[in-house]
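Q: Please take a close look at one helix of this model and at the residue that ends it. Please set that part in the context of the chain and of another helix pair.

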Amino acid sequence: MSKERIVVIGNGMVGHKFLESFASQESRDNFELTTYCEEPRVAYDRVQLSAYFSGKTAEDLSLVTPGFYEDNNINILLNSKAESIDREAKKVTSSDGTELEYDKLILATGSFPFVPPIPGKDRPQCLVYRTIEDLEAIESAAAKSKVGVVVGGGLLGLEAAKALKDLGLETHVVEFAPRLMAVQVDEGGGALLRTMIEELGVNVHTQKNTQNIADGEDYALKMEFADGSTLETDMIVFSAGIRPRDELAREAGLEMGERGGIVINNYCQTSDPDIYAIGECALWNSRIFGLVAPGYQMADVAVDTIAGKLESEFAGADMSTKLKLMGVDVASIGDAHGNTPGAQKYSYIDEHNQVYKKIVVSEDGKHLLGAVLVGDAAEYGTLLQMMLNQIECPEHPDSLILPQRDGAAPAGLGVDALPESAQICSCNNVSKGDLCGAIAEGVTDLGDLKACTKAGTSCGGCAALVGQVLNSELEKQGIEVKKDLCEHFPYSRQELFHLIQTEEIKTFDELLEKYGTGHGCDICKPTAGSIFASVWNEHIIEKPLAGLQDTNDYYMANMQKDGTYSVVPRVPGGEITPEGLIAIGEVAKKYNLYTKITGGQRIDLFGAQVHELPHIWGELIEAGFESGHAYGKALRTVKSCVGSTWCRYGVQDSVGAAIDIEQRYRGIRSPHKMKMAVSGCTRECAEAQCKDIGIIATEKGWNLYVCGNGGMKPRHADLFASDLDYETLIKYIDRFMMFYIKTADRLQRTSVWMDNMEGGLDYLKDVIINDSLGICAELEKQMEYLVGTYQCEWKTTVEDPEKLKRFKHFVNSDDTDSNVVFVNEREQIRPATTDEKRRLNVVAV
Amino acid sequence: MNATVNAPVEADWVAVCEDSDLIPNVGICAKVNNKQIAIFLLKNPDGSESLHAIDNHDPKSNANVLSRGIVGDLKGHKVVASPIYKNHFNLETGECLEEGYSIPVYAVREQDGKIEIAA
């Protein structure tokens with residue numbers, strides 16, 4: 001049987017979603033899939049487009065797992081635009097003249113930005129905001145501009161304004177309506193949103209009707225408004241709504257809406273049953289859905305219909321949204337304006353904390369119809385679920401938005417009140433039932449649950465709710481969420497940290513006696529040792545602590561496969577003098593050590609035996625070096641690029657900052673190793689975005705990135721705060737590190753810590769920047785203590801004969817381990833293999 | 001296969017160090033009859049102390065490193081964890097808890113302030 005040919009026109013978010021869903025359904029093999037993609041790159045996340053200006057690359061934004069099209073046998077035609085459809089012959093002709101026959105055709109052509117017909121709109125400084133190419137055009141125009149205007153104060157317009165702000169322009173938003181985001185928020189919310197956005201340095205002009213764009217006097221352009229006022233600017237970005245891209249369908253004679261849009265039925269079929277339309281180009285029930293979630297639903301319906309599952313229908317979509325605009329939380333649910341007859345409204349305004357909340361309830365007060373949240377959208381998930389699932393409101397509906405004080409339990413609903421069908425993650429269409437299913441199959445960890453269901457992985461708005469479902473389900477199943485460190489301690493690392501700190505416990509014996517059982521083991525001992533170091537910062541090989549340390553910490557060097565150690569002196573920021581290099585070289589030569597440059601910009605010396613370590617360190621200390629703590633779960637290095645001192649592109653002294661930061665945090669013990677880097681400009685030569693803490697210089701200060709990782713599971717760091725002055729930067733790092741040290745699990749890198757954090761990045765920002773837990777002063781104090789009590793562990797050791805006694809292989813002989821044998825390779829030593837030892841007549845024991 | 005320790009005769013005992021050289025729960029290595037022997041003084045939860053001696057060679061990594069492992073107990077057995085791959089050895093029998101091999105166990109005692117081994 002020949003395969004049915006499916007052709008998809010458009011490789012945007014919805015087109016890609018269609019292919020993804022299609023590739024994973026059972027009858028996949030009966031079909032042949034081809035997709036047109038007029039852009040030079042495969043589908044990317046347009047929702048996160050503005051992140052492109054905060055440092056994300058086109059690759060970061062890609063929605064396509066590398067190899068997805070190849071692995072799934074999908075033919076993708078990049079840079080290829082469909083020009084016409086011949087419905088008779090069932091074929092598509094593309095811009096280069098090639099023809100493609102189809103059995104089923106999917107139109108996922110999306111929309112284009114609407115540019116109002118204003119004279120002057122086609123001037124070269126007038127741009128739109130839709131694709132990565134548009135962003136590149138904005139970026140290059142901005143480089144020549146001082147002032148930028150965005151026309152349109154809706155959701156995308158404010159995103160575009162953020163982009164201009166990030167590019168360093170004096171930014172204006174010009175809106176026709178009397179308020180920002182007129183569709184989603186009401187007057188009260190709009191007013192607060194305006195205040196908050198103006199505080200961020202964006203000028204807002206409402207009720208402005210642009211009539212002409214002329215040459216400017218001081219800047220390139222002059223916008224002339226209907227009220228006679230004018231505004232001069234260097235560039236204009238139009239973001240005044242979208243229009244469906246329906247020209248292909250129109251020319252092919254498909255039924256169209258009066259004001260555009262390809263008419264579809266509940267199966268997403270157009271007036272030609274073999275042609276489907278999905279996403280923003282489709283018109284269902286006279287409505288265009290300009291959000292990604294309904295587009296995804298349409299894609300799934302089209303897949304089901306083609307696969308013969310006719311029970312699947314598109315039934316409209318909820319247009320509720322929650323987003324963060326320039327750092328301001330904004331959410332709109334259902335009937336936000338209270339247009340339902342008889343609807344009653346409750347609102348709450350807190351000018352001090354800049355919060356506006358409004359709910360709309362039914363006439364009888366029983367059901368929630370809509371809501372507007374500005375400044376704090378924490379209730380979004382709860383309110384949305386209440387509305388979607390017709391859950392009865394509490395007796396006093398206003399308790400849903402009034403702040404909870406005096407430790408009262410928050411109103412609203414527990415996740416248990418939600419039906420199985422409740423959609424928890426609308427971006428990826430994950431229901432509560434889907435989550436419960438995964439949990440029933442044994443998922444017990446938030447990170448795993450997100451990974452296997454995809455819930456909370458797109459906009460992240462539902463992450464807290466996903467966490468609540470997880471906890472509630474585990475509790476119901478009687479699964480105790482065991483966070484026990486090991487068989488000796490029925491406590492998590494975080495709990496032990498708290499106990500050790502508040503009860504001033506300083507030895508493992510005391511900890512074991514009070515809170516544990518047995519002897520302890522190689523899990524709890526190093527964990528306790530690390531916590532003692534993080535809290536009290538005593539020398540790690542003081543007698544009561546020595547037995548807790550892993551051999552690396554005990555010998556303050558890194559054990560290698562043959563039982564020898566490697567030695568890494570600290571080279572702060574990677575800056576080293578010729579004398580320093582020579583000194584390291586002399587030591588390596590004298591003790592016949594293998595030398596290698598590390599990824600962290602320092603030098604690793606391999607093949608040292610225990611008895612040699614104090615001598616090696618004696619000489620290194622003499623030459624001015626300190627321990628590099630390469631052996632500890634501690635700060636390793638702060639990598640840097642050369643920065644503004646030498647580099648023609650650098651905008652700040654990245655080396656100076658790296659040295660300062662490395663010296664501040666050196667030696668501090670943490671749940672796992674920590675790596676940092678400082679780049680002197682946005683070119684990012686220090687690769688700071690794959691570090692636990694990454695710092696990238698900007699013209700105005702420093703951008704702070706957190707929770708990145710390279711290695712086995714790479715994770716791009718999240719932008720935490722922008723344009724910080726140096727003092728604030730250090731303050732945030734102090735707090736961040738200390739919060740991580742206190743709350744992470746044993747051997748949990750910051751990346752995994754973040755992935756498992758309920759509330760994610762927003763929560764972390766709240767804790768560190770807004771001090772939402774009221775602990776920042778304490779965190780800073782603890783960090784000050786650690787910084788103030790730093791000692792070079794090796795310097796203290798070489799000065800202490802009692803400690804030096806341990807650096808011997810045998811307690812009763814000066815012999816060395818005869819099993820340590822080196823051979824030469826590329827003019828340096830390496831451990832001999834077993835065969836080589838045999839040939840050299842070395843007995844292995 | 002349990003490693004068994006035959007009762008040593010008095011002439012077999014060799015003093016390797018002072019008992020003050022041993023830090024509780026931190027191993028040391030002694031060379032006796034050309035064998036490398038890891039010695040541990042365990043402090044037990046009831047306050048008592050016990051001496052243990054096993055071979056210093058870790059068959060998994062083929063390195064002489066067991067004296068540098070962390071001691072403790074797992075499921076009721078006193079153990080040391082190899083510092084290289086963290087495989088555990090029963091300090092009383094020499095058995096590896098995770099894999100099917102054993103290492104020799106030696107007799108150890110404290111006599112007149114000295115630690116003595118019979119190997």
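A: Chain A comprises 27 helices and 38 strands in a model that is predicted. Of its 845 residues, 55% are buried. Among the contacts in chain A with a separation of 6 or more, 62% join residues 24 or more positions apart.

The part examined here is helix H21 of chain A, which spans residues 726-743. A:Thr743 belongs to this helix. The relative accessibility of A:Thr743 is 17%, and the residue therefore counts as buried, since the cut-off for that class is under 20%.

The side chain of A:Thr743 has polar partners both in the backbone and in another side chain. A polar atom of the A:Thr743 side chain lies 2.7 Å from the backbone oxygen of A:Phe739. When residues up to four places away in sequence are left out, A:Thr743 touches A:Arg493, A:Gln494 and A:Trp753.

H21(A) also packs against helix H24 of chain A, residues 776-788, at an angle of about 90° and with the two axes 8 Å apart. H21(A) is therefore roughly perpendicular to H24(A), as angles of 65 to 115 degrees fall in that class. On the side of H21(A), the contact is made by A:Lys731, A:Asp734, A:Arg735, A:Met737, A:Met738, A:Phe739 and A:Lys742. H24(A) contributes A:Cys776, A:Glu778, A:Leu779, A:Glu780, A:Gln782, A:Met783, A:Glu784 and A:Leu786. By type, the residues of this contact divide into seven nonpolar, seven charged and one polar.

Helix H10 (residues 432-440) and helix H11 (residues 446-453), both of chain A, pack at an angle of about 120°, with their axes 10 Å apart. This angle makes H10(A) oblique to H11(A). The crossing of H10(A) past H11(A) is right-handed. Here A:Asp434, A:Leu435, A:Ala438 and A:Ile439 of H10(A) meet A:Leu449, A:Cys452 and A:Thr453 of H11(A). The contact of H10(A) with H11(A) involves five nonpolar residues, one polar and one charged.

Conventions
Residues are numbered from 1 along each chain as its sequence is written. Chains are lettered from A and ligands numbered from 1 in the order in which they are written. This is a predicted model: local features need pLDDT of at least 70, side-chain atom pairs count only at pLDDT 80 or more; totals for chains, interfaces and linings use all residues. Side-chain values use heavy atoms; hydrogens and water are left out. Axes are lines fitted to C-alpha atoms, for helices over the stretch in contact, and angles run from 0 to 180 degrees between N-to-C directions. Helices (H or I, at least four residues) and strands (E, at least two) are DSSP runs, numbered from the N terminus. Angles under 35 degrees count as roughly parallel, over 145 as roughly antiparallel, 65 to 115 as roughly perpendicular and the rest as oblique. A crossing is left-handed if the near helix is turned anticlockwise from the far one by less than a right angle, and right-handed if clockwise. Contact means heavy atoms within 4.5 Å. Ala, Val, Leu, Ile, Met, Phe, Trp, Tyr, Cys and Pro count as nonpolar, Asp, Glu, Lys and Arg as charged, and the others, Gly among them, as polar. Buried means under 20% relative accessible area, exposed over 50%, partly exposed in between (1.4 Å probe, protein chains only). A polar contact is a pair of N or O atoms within 3.5 Å; within protein, one must be able to donate a hydrogen and the other to accept it, and residues adjacent in sequence count only if both atoms are side-chain atoms.
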